[in-house]
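Trainee: I am new to this structure and would like to go through it step by step. Could we begin by looking at it together?
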Amino acid sequence: MKPARQFIVTAVIVLLASVCPAQEEGRRFEIAAWVDHFDFVGVRGDGELLFDTETVEGCRGVLDHVQETGATTILWRNCAGGNMRYQSAVESGHHPEILDKRRICDIRPLYGWVRYAEAEPDVVRSMMAECEDRGLAPGIHWPFEETHGAIWTISRFNLEHPQLWSRTADGHPWWGRCSLAHDETVAHKMELVDELIDRGMETLFIDFYRSGGWGPSYEFTPPVIAAWRERFGEEPPAQTTDRWAEHVAGYVTDWVRNLRERLDASGREIDLMVGIPNITADSDWAMVSRGADWRTWVDEGLIDTLVISFMPWDEELPFESTREIGRGIMDAVDGRCRVLWPVRAYDFGGYGMPSYAEATGLSQEEIAERLMLMAWEEGADGISLECVDYGNYREKTRRRMSELANGRCRWVRGER
Amino acid sequence: MVERLLLAMMVVAFPATGGAAPVPLTSGEGDDIEAAWSPDGSMIAFQRESDGDVDLCVLDVESGEVTTLVGGPGHALHPAWSPDGETIVYSFAHFTRTAAEGIESGYNLFAVPSGGGQPRRLTEGQIRDYTPSFTPDGDAIVFSSTRGLEEAGAALMRIPPDGGEPARFDLQQGRDTGFVEPDFSPDGSLIVCSYIPNFRENWTLRLLRAREPAEQFALTSPDAAMYAPAWSPDGRLIACTGYRAGDPSWGIYLVEVESGLSMRLDTGPGNARSPAWSPEGDRLVFEYNQGGSYDLYLVETPEAEFGPPPDFPGDATVLSLEADPGQDAVRDGSDRANEIVLAGDLEIGETGVTFGRGDFISAEAPEGMAFGDGAFCVRADVTVRELTGDVQIIAVGDYPEHRQGWQLFLNDEGYLYFNSRDTEGTFIGARSDLPLAAGTRLSVVALRRDTGRVELWLDGVRQQRTGTGATMRYGEATQVRIGSQHSGGMDFAGTVHALEILKQAPADEAIRAPHLKEFVRR
């Protein structure tokens with residue numbers, strides 16, 4: 001090649017190289033939609049089933065609906081309480097509950113769950129692949145619970161291992177969940193993680209709002225008490241204290257470390273995302289009520305994404321206080337992991353869009369727009385949508401969010 | 001400590017070889033569970049899981065041969081024999097389509113001839129009917145069902161043996177309240193079932209009077225999980241699945257009906273569940289997962305001698321009121337012999353002390369009330385004459401640390417409370433399940449355990465709402481007052497028939513046993 005031509009080619013390559021990376025460096029503003037496909041079964045007033053969630057075709061319809069929000073990441077619910085919605089080798093399925101008489105039955109007709117545990121179609125595997133095909137990030141929404149606050153969802157593992165059950169301060173066993181202080185409990189959960197990795201999950205989202213009522217006050221188990229005595233040289237407190245919660249949080253953190261290692265061991269880049277409710281930069285609420293020491297997880301680089309499940313904003317200044325709290329969390333994280341802000345259709349525990357509507361009189365689409373823009377303006381990495389059940393985000397809201405997701409909020413602010 | 005000793009005495013470990021080691025009756029990969037012994041003892045019905053389906057099978061006890069009575073697609077669950085041994089009733093469902101395409105039915109009861117034949121439908125509907133059981137005379141089938149419930153739960157229903165419109169037992173139902181797996185006493189007068197009041201509690205065993213099922217008694221405490229009860233042929237014992245804190249796994253428990261005392265059979269490592277008695281009561285069949293999946297195992301019934309139930313620890317009594325109508329006086333009959341002061345116009349009779357407005361009894365600076373952070377107990381027999389709509393204090397412990405150190409009182413709605421306090425002085429209370437009824441004599445045991453748990457027992461039944469974290473340290477009391485607040489007011493409108501204060505918490509069985517025996521024998 002002649003020098004002049006070589007120079008031109010080199011110049012073109014350099015020019016292209018300088019342009020293309022800029023395009024790739026621009027990060028999409030993430031719209032992470034939590035999807036509980038079971039709730040798409042919902043019976044309308046006339047009794048008609050809206051989606052056949054026991055078929056792949058029906059679940060594609062669910063995904064179509066979810067995508068109307070502009071979602072980029074789909075966090076598909078893998079379980080109902082402790083029962084898996086696929087054929088698990090290590091855990092009970094979302095069968096009719098009377099197969100184990102220790103569960104108290106739901107009273108709803110047997111719709112939408114009969115076949116979740118059958119080998120084919122494996123709804124979770126199918127939908128991970130479907131997301132991939134559609135260019136969406138396929139993930140799993142896994143509540144940090146085993147029970148979902150109802151007896152009919154207690155898992156077989158919990159039912160079969162009373163010796164691992166949590167206990168109250170006075171030693172009362174509670175069958176709602178098995179303690180993370182037992183290696184067997186952690187090992188069981190890791191087996192479930194393996195099943196999800198095998199099904200193509202690229203994001204594992206652990207939801208600490210849905211704890212099934214568990215908290216440090218249920219962790220007065222023999223190994224936790226023994227460790228307390230060794231650590232502090234005294235008897236444990238008669239009820240939960242901040243120090244006890246911090247002690248229990250160590251076990252939850254160990255479990256998060258296990259998750260991190262397990263995901264990394266897959267050889268794939270699987271994101272670990274955690275959702276913390278009622279969070280502010282300096283509040284210990286999550287530690288005391290859930291044993292969730294999110295600051296340590298950020299410090300140690302255990303998590304890829306922190307999801308603000310909801311913030312305790314001030315009803316006198318709904319948006320201003322939301323912005324201030326969110327900004328504080330962003331400062332605390334300081335870029336060490338991604339942060340998603342909430343645009344939350346649900347109002348469990350308050351602070352969702354229904355509460356904003358009550359405080360401001362604004363419509364859902366107006367609130368969603370403000371919250372989405374606020375997150376983007378503050379440099380958040382995206383938003384999370386709890387939960388995109390059928391119609392939770394109204395048609396106008398979905399349309400407005402999609403416009404923003406593909407327009408002004410397409411990229412993370414300042415990164416393109 | 002005493003409680004722990006009692007517990008250790010009650011949990012008798014039977015070496016598997018003490019009588020004979022458990023003998024496997026079935027084997028294979030699928031679970032064989034829910035055994036039910038035929039009335040003549042020759043056969044055992046059970047359910048066998050295989051590839052997602054559940055078949056109904058019978059085992060010939062002598063030959064070991066297994067015959068499938070109801071096989072193929074679907075779930076055939078919870079077999080129960082008719083008393084004449086001719087029929088097996090079970091719960092069944094089969095879903096051929098997805099829900100959106102149309103579910104045909106829920107889990108309904110069916111009957112099949114025990115020698116084989118065509119199943120016959122007994123109930124219908126998109127509901128869950130399960131765990132059926134025949135009355136001893138065979139006139140009815142009682143079962144659990146979601147039928148007609150407005151929240152998740154399981155009610156008890158009754159149908160004629162040939163089917164018909166189910167009639168629901170009139171029982172208190174709430175979210176996640178379950179009455180499951182009923183079983184009749186041999187004389188048919190009582191039903192035992194697994195009971196759970198809500199999501200936060202454990203399964204316990206509950207007795208119901210067959211003629212009046214709303215009349216109930218809690219046979220076991222929620223401190224332990226107990227379910228799957230089966231009444232022994234002689235009516236003395238109930239076998240069940242149980243787990244107590246410290247147990248290695250689920251195990252088979254035997255519970256003495258008249259005392260509530262229990263013992264665990266040592267069946268070896270693994271879960272042992274859902275026992276069923278042979279007709280003679282000399283053997284138990286149960287499901288056991290020592291080999292991975294559950295198989296049926298047989299064991300000889302061990303001797304089950306419990307001795308008398310424990311009593312209240314009399315030497316721990318620090319105040320015991322004794323009415324002396326002849327002298328128009330009230331004395332402390334405990335070893336402390338605390339001085340008792342009477343105020344107002346008390347009626348002191350043979351059956352106790354009746355309080356009117358402004359009346360009270362007080363033990364000033366009584367000895368023995370310095371409980372520290374340990375256990376104590378207030379035991380009282382009372383009749384509330386009138387629910388006044390105001391707070392009524394039955395007894396209050398007045399301490400320098402807190403003038404309402406502990407209290408036994410009725411609130412303005414008539415609920416009975418017992419409260420102690422935590423180290424910050426915060427009220428930690430236990431409450432009666434229902435408001436009290438005026439005019440009814442009631443046996444009350446209110447206690448704080450050394451764990452800091454506060455409990456309230458009425459007529460031998462622990463009330464569901466308890467408190468934890470009550471660890472206030474009690475020094476010497478300023479006074480114990482009965483019939484009003486420490487400084488007057490909040491008068492009690494009723495009679496105190498007896499009242500004791502103990503510096504110790506009695507064992508559950510000591511509280512429960514006298515009332516349980518009376519309930520069973522009534």
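Trainee: Which residues of H10(A) are buried?
Mentor: The buried residues of H10(A) are A:Pro318, A:Thr322, A:Arg323, A:Ile325, A:Gly326, A:Ile329 and A:Met330. A residue is buried if 20 or more other C-beta atoms lie within 10 Å of its own, exposed if 12 or fewer, and partly exposed in between, with C-beta atoms placed from the backbone. This is a predicted model, in which local features need pLDDT of at least 70 and side-chain atom pairs count only at pLDDT 80 or more, while totals for chains, interfaces and linings use all residues. Residues are numbered from 1 along each chain as its sequence is written, and chains are lettered from A and ligands numbered from 1 in the order in which they are written.

Trainee: What covers those buried residues of H10(A)?
Mentor: The cover includes strand E10 (305-308), strand E11 (338-342), helix H11 (353-360) and helix H12 (364-377) of chain A. Helices (H or I, at least four residues) and strands (E, at least two) are DSSP runs, numbered from the N terminus. Two residues are in contact if their C-beta atoms, placed from the backbone, lie within 7 Å.

Trainee: Why does the span of helix H10 of chain A agree with what it should be?
Mentor: The 16 residues of H10(A), residues 318-333, should span 22 Å at 1.5 Å a residue, and the end C-alpha atoms are 23 Å apart, which agrees. The expected span is 1.5 Å times one less than the number of residues. Just after H10(A), A:Asp334 takes a positive phi of about 55 degrees.

Trainee: And where is A:Gly328 found?
Mentor: A:Gly328 is in helix H10 of chain A. A:Gly328 counts as partly exposed because it has 16 C-beta neighbours inside 10 Å. Leaving aside neighbours within four places in sequence, A:Gly328 is in contact with A:Thr280 and A:Ala281.

Trainee: Changing topic, at what angle do H11(A) and H12(A) pack?
Mentor: They pack at about 105 degrees, with their axes 10 Å apart. Axes are lines fitted to C-alpha atoms, for helices over the stretch in contact, and angles run from 0 to 180 degrees between N-to-C directions. H11(A) is therefore roughly perpendicular to H12(A); angles under 35 degrees count as roughly parallel, over 145 as roughly antiparallel, 65 to 115 as roughly perpendicular and the rest as oblique.

Trainee: Which residues make that contact?
Mentor: H11(A) gives A:Met353, A:Tyr356 and A:Ala357, and H12(A) gives A:Gln364, A:Ile367 and A:Ala368.
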